[in-house]
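Please consult the sequence and the structure shown here alongside the text.

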Amino acid sequence: MKLSRIYQPRNPRFWLMVTLNLLSSLLAWVLRSYPLLPSVTLVVAGFALANAFIGIRLAVALMRDPDPDPNAETQGER
């Protein structure tokens, strides 16, 4: 598991992870900034926690991905 493997801009899972973590932060900001009804607060907090959990799972999955084979791109050209 390598922390440097998280940054994979060509991998759609990377962008999904970034989007979910940003959305989670936005939802947490909404919870702190606006007085909401208790039921709405629970729903928004649930979405924020779910987004954070899925984002962390995606980050761990990206870190566990094996390093790509550097010769894999050149093998298809031969």
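Helices (H or I, at least four residues) and strands (E, at least two) are taken as DSSP runs and numbered from the N terminus. The expected span of a helix is 1.5 Å times one less than its number of residues. The model is a predicted one, in which local features need pLDDT of at least 70 and side-chain atom pairs count only at pLDDT 80 or more, while totals for chains, interfaces and linings use all residues. Residues are numbered from 1 along each chain as its sequence is written, and side-chain values use heavy atoms, with hydrogens and water left out.

**Helix H1**

- Phe14, Met17, Leu20, Ser24 and Leu27 of H1 are buried, where buried means under 20% relative accessible area, exposed over 50% and partly exposed in between (1.4 Å probe, protein chains only).
- An α-helix has 3.6 residues a turn, so residues three or four places apart point the same way.
- Pro12 and Leu22 are exposed on the other side of H1.
- The N-terminal end of H1 is capped by Asn11, which has a side-chain oxygen 3.1 Å from the backbone nitrogen of Arg13.

**Helix H2 and its packing**

- Helix H2 comprises 27 residues (38-64), and its first and last C-alpha atoms are 39 Å apart, close to the 39 Å expected at 1.5 Å a residue.
- Buried in H2 are Val44, Ala48, Asn51, Gly55, Leu58, Ala59, Leu62 and Met63.
- The cover over the buried residues of H2 includes helix H1 (12-33), with contact meaning heavy atoms within 4.5 Å.
- In turn, the buried residues of H1 pack against H2.

**Aromatic pairs**

- Three aromatic pairs are found in a search of the whole structure; rings of Phe, Tyr and Trp (its six-membered ring) pair if their centres lie within 6.5 Å, and planes under 30 degrees apart count as stacked, over 60 as edge-to-face and the rest as tilted.
- One of them joins Tyr7 and Phe14 edge-to-face, at 5.5 Å centre to centre and 85° between the planes.
- Tyr7 is exposed, at 59% relative accessible area, whereas Phe14 is buried, at 7%.
- Phe14 also pairs edge-to-face with Trp15, at 4.8 Å centre to centre and 75° between the planes.
- Trp15 is partly exposed, at 45% relative accessible area.
- Together, Tyr7, Phe14 and Trp15 form one aromatic cluster.

Definitions and conventions:
A polar contact is a pair of N or O atoms within 3.5 Å; within protein, one must be able to donate a hydrogen and the other to accept it, and residues adjacent in sequence count only if both atoms are side-chain atoms.
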